[in-house]
Amino acid sequence: MNRITKGLLNMINNQWYGILESKEVKSKKSIGVTRMGEKLVLWRSESGKVNCIFDKCCHRGAAISAGKVIHDKMMCPFHGFEYDSSGKVTLIPANGKNTPVPERYKVQSYLVEEKYGLIWLWYGEILDNMPEIPFFKELREGFSYGGFSEMWPVNYTRAIENQLDVVHLPFVHTSSIGRGNKTLVNGPVVKWEENLMTFYVNNVVDDGNAKPLKPNEIKNYKKLFSLQLQMPNIWQNIISKDIRIVAIFAPIDENHTQIYLRFYQKFMKVPILKQIVNGMSTFSNKYILHQDRRIVLTQTPIKSELTMNENLIQGDMPIIEYRRRRAFLKGEIEKK
Ligand code: FES
Ligand SMILES: [Fe+2]
């Protein structure tokens, strides 16, 4: 088990990244995807366990993902080499069942876990004490969800930063969540708890007399509307105690991101109605997300850095804090 070594993408080492939805890895089936710039094959063994190895056969380069699941193993479609979950070839049919397979017949494997309806990939070295999967605590139980997924041709950092951007609301979302012309941005207040960022929004109509309040001038900020980013790639909008919108930003490669958007709620518990409520939210969420997409796709450069040629303002504080935290976790700066 090795970490992905390409060093692409603003990736942060030693993190669990949400990379796929559970339902994309079907029972006893395989799926080939690109994540973190690597071709990966994931499959579900008969026991239900999800496995992940490099999707290029070490024999003659075919995509293993086009093959079949045989019990717990993956069989390459070209000449039938069988791989176990550690990426080792355990059978070369042409050499006979009784012939041991030399050590060098193997591909890289990746540590994956399935939790909260997602597949998580460990991007890093295997540690003695692996950290727990970083999913919002209150959403781990009691909520149901529905949602959709789409690909954006941008680095995942740009897609995340868009969700931290409180300044864009009255301009990009004039007809939806940004109604009311609240162009003056007080704060925002940003708080961290470990690698969980909460930011509190206080946008107001500009009457021409006020200057934006500095974050420390905002009292009672806890009463404000808030959103959270859980490093490295999960975000939520806290609509209320019972309603959340969650996004997972799965890095495909340097220039592409798969966004999973989910509507979480716990006010409706009746089975069929619950599905209808969760499904209906997709229309509005897609509409809002596409308002963002139209603009974010025009941003250059395609990925963000801690120090780059942008002129940021006070209202960009959540974006600045995210960049700092990312640089800190990558070991590029000392202070958080
Ligand atoms: S290319 Fe996979 S078995 Fe030959
Ligand atoms: Fe937006």
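Student: How do the residues of the lining of the largest cavity divide into nonpolar, polar and charged?
Tutor: The lining of the largest cavity divides into two nonpolar, one polar and five charged residues, where Ala, Val, Leu, Ile, Met, Phe, Trp, Tyr, Cys and Pro count as nonpolar, Asp, Glu, Lys and Arg as charged, and the others, Gly among them, as polar. The residues in question are N10, E305, L306, R323, R326, A327, K330 and E332. Bear in mind that this is a predicted model, in which local features need pLDDT of at least 70 and side-chain atom pairs count only at pLDDT 80 or more, while totals for chains, interfaces and linings use all residues. Residues are numbered from 1 along each chain as its sequence is written, chains are lettered from A and ligands numbered from 1 in the order in which they are written, and side-chain values use heavy atoms, with hydrogens and water left out.

Student: What makes a space a cavity and not a pocket?
Tutor: On a 1 Å grid over the protein atoms alone, a cavity is a set of points where a 1.4 Å probe fits but cannot get out, whereas a pocket is an open set with protein on both sides within 12 Å along at least five of seven lines; lining residues have an atom within 4 Å of a point. Grid points are joined across faces, edges and corners, and a volume is the space filled by probe spheres set on the points. By this rule there is one cavity of 30 Å³ or more, and the largest cavity has a volume of about 40 Å³. The largest pocket has a volume of about 690 Å³, and L169, I177, F225, L227 and N237 are the closest to its centre of the 30 residues that line it.

Student: Why is the second largest pocket said to lie between domain 1 and domain 2?
Tutor: Domain 1 (15-123) and domain 2 (137-329) both give residues to the lining of the second largest pocket, so this pocket lies between them; the domain bounds come from an automatic or database domain assignment. The volume of the second largest pocket is about 550 Å³.

Student: Why is the arrangement around the iron ion (ligand 2) called irregular?
Tutor: The four donor atoms subtend angles of 54 to 148 degrees, which makes the arrangement irregular. Four donors count as tetrahedral if all angles lie between 85 and 135 degrees; four count as square planar and six as octahedral if opposite donors are over 155 degrees apart and all others between 65 and 115; anything else is irregular. The protein donors are H168 (NE2), H173 (NE2), D292 (OD) and D292 (OD), lying 1.9 to 2.7 Å from the iron ion. Donors are N, O and S atoms within 2.8 Å of the metal (3.2 Å for Na, K and Ca), and water is not among the atoms, so sites may look incomplete.

Student: How do you know whether H173 is buried or exposed?
Tutor: Buried means under 20% relative accessible area, exposed over 50%, and partly exposed in between (1.4 Å probe, protein chains only). H173 has 1% relative accessibility and therefore counts as buried, and D292, at 3%, counts as buried too.

Student: What makes phi of E194 worth a remark?
Tutor: Phi of E194 is near 50 degrees, a positive value in a residue other than glycine. Most residues other than glycine have a negative phi. At 72% relative accessibility, E194 counts as exposed, whereas M36, with phi near 55 degrees, counts as buried at 1%.
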